[in-house]
Each structure stands twice: as C-alpha cells, then as structure tokens.
Amino acid sequence: MDEDEYSGYRYAYASEPWVVSGSGVQPHPSNDDLSLPKATVQKIVSEILPSSTGLSFAKEARDLLIDLCVEFISLVSSEANEISEKESKKTIACDHITQALERLGFADYVPAVLEAAAEHKEVQKGREKKANKFEQSGLSLEELERIQREQFADAAARHT
C-alpha cells in the first residue's frame with residue numbers, strides 16, 4: 001500500500017460511518033465504542049514515569065494517549081485484516097500483524113511483537129496444563145465430587 005493509498009484509506013476510515021470489507025458493508029465502530037482501561041494505562045505510565053522523577057501525567061494526556069493507542073490498534077488490525085482476506089483466511093494470525101506493521105512503516109516494532117507472541121504461547125501452554133489437571137489426577141468425577149463435599153463440610157465446620 002503506497003502513501004497515496006494509505007492517505008485515502010486513512011481519510012475514508014476517519015470520516016465514513018461504514019466500512020467496506022471482503023465480507024460486505026458493515027457499520028464502523030466509533031472510537032467511543034473502543035477504549036483501553038484508564039487505570040491500566042495510568043499504571044503503565046506510572047511505571048514509566050515513577051513519582052521519584054517529579055513528573056506527572058495529566059488526565060487529559062492519558063485520555064489522548066488512550067485515543068492514539070485505539071487508533072493505532074484499529075489501523076494495524078484493519079491492515080492485518082486486509083492481508084488475511086487476500087490470503088482467504090478467516091483468522092488474523094501473528095504473521096498478518098507483522099506484515100501489517102511492516103507495510104505501515106512500523107517494522108521496528110516487529111521484534112517486540114514476535115517476543116510478546118512467544119511469551120503468550122508459553123502462558124497458554126501453562127493454562128492448557130492446568131485445564132488437564134482433571135485428567136492428570138487419575139480420579140473419577142464421583143471421587144472428585146466426594147472430596148469436594150468433604151472439603152466444603154470441613155470448611156463449614158471450621159466457621160460455625
């Protein structure tokens with residue numbers, strides 16, 4: 001996508017209430033519908049600008065940062081969606097995100113995205129192991145229910 005196409009895309013994205021995609025014309029979500037948790041953004045900013053520096057971050061600046069982040073995420077996800085549709089895929093994959101970042105001139109972000117994706121995969125592996133605890137326990141569902149009832153009864157007896 002060259003710069004003229006990008007400019008046209010950007011203008012249409014910002015001013016039109018409808019989005020045309022491979023799946024037809026759909027209402028475009030307004031930025032009012034999209035946001036990031038203010039407390040989480042404030043926490044991240046506070047970690048970057050600790051109080052020991054004597055610097056503060058105004059609420060208006062935080063809100064602007066949130067708006068810019070939402071716009072950036074929308075831009076990258078729209079580009080990644082176009083890439084996935086051209087490949088006849090219904091799911092946006094990590095590779096689509098990295099390609100979108102490169103196309104939009106954010107190639108410097110790709111290594112950090114790949115690192116975050118690898119960390120996410122590791123966390124997911126841990127979650128899958130926890131989900132299989134039932135199978136790994138070797139106990140039947142009836143035995144687990146009996147143990148649970150006994151533990152509830154013990155807890156109730158301690159609190160009465």
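Okay, quick one today. When I say helix, I mean a DSSP run of H or I with at least four residues, and a strand is a run of E with at least two, both numbered from the N terminus. What you're looking at is a predicted model: local features need pLDDT of at least 70, side-chain atom pairs count only at pLDDT 80 or more, and totals for chains, interfaces and linings use all residues. Residues are numbered from 1 along each chain as its sequence is written, and side-chain values use heavy atoms, with hydrogens and water left out.

The overall picture, then. We've got seven helices and two strands, and going along the sequence the order is α-β-β-α-α-α-α-α-α. Of the 160 residues, 14% are buried, where buried is under 20% relative accessible area, exposed is over 50%, and partly exposed sits in between (1.4 Å probe, protein chains only). Take the contacts (heavy atoms within 4.5 Å): among those with a separation of 6 or more, 41% join residues 24 or more positions apart. The protein exposes about 12,400 Å², with carbon and sulfur atoms supplying 56% of that; the areas are Shrake-Rupley with a 1.4 Å probe, and for residues only the protein chains shown count as cover.

Now let's zoom in on helix 3. It covers residues 59-86, that's 28 residues, and spans 41 Å from first C-alpha to last, close to the expected 40 Å. That expected span is 1.5 Å times one less than the number of residues. Its buried residues include Arg 62, Ile 66, Val 70, Glu 79 and Ile 83.

On the helix 2 side the contact uses Lys 38, Val 41, Gln 42 and Val 45, and helix 3 brings Arg 62, Asp 63, Leu 65 and Ile 66. Three of those names come back in a moment: Lys 38, Arg 62 and Asp 63 are linked in a network of salt bridges.

On to the salt bridges. How many does a search of the whole structure find? Five, counting a side-chain nitrogen of Lys or Arg within 4 Å of a carboxyl oxygen of Asp or Glu.

One of them pairs Glu 79 with Arg 103, closest N and O atoms 3.2 Å apart. This pair ties together distant parts of the chain, with Glu 79 in helix 3 and Arg 103 in helix 4 (residues 94-103), 24 residues apart. Glu 79 counts as buried because its relative accessibility is 0%, while Arg 103, at 37%, is partly exposed.

In helix 5 (residues 110-131), Glu 122 and Lys 125 sit three residues apart, about one turn, and bridge at 3.4 Å, N to O. Lys 125 is partly exposed at 45%. In helix 7 (residues 141-158), Arg 146 and Glu 150 are four residues apart, so about one helical turn separates them, and their bridge is 2.9 Å, N to O. Both count as partly exposed, Glu 150 at 40% and Arg 146 at 39%. That spacing makes sense, because an α-helix has 3.6 residues a turn, so residues three or four places apart point the same way.
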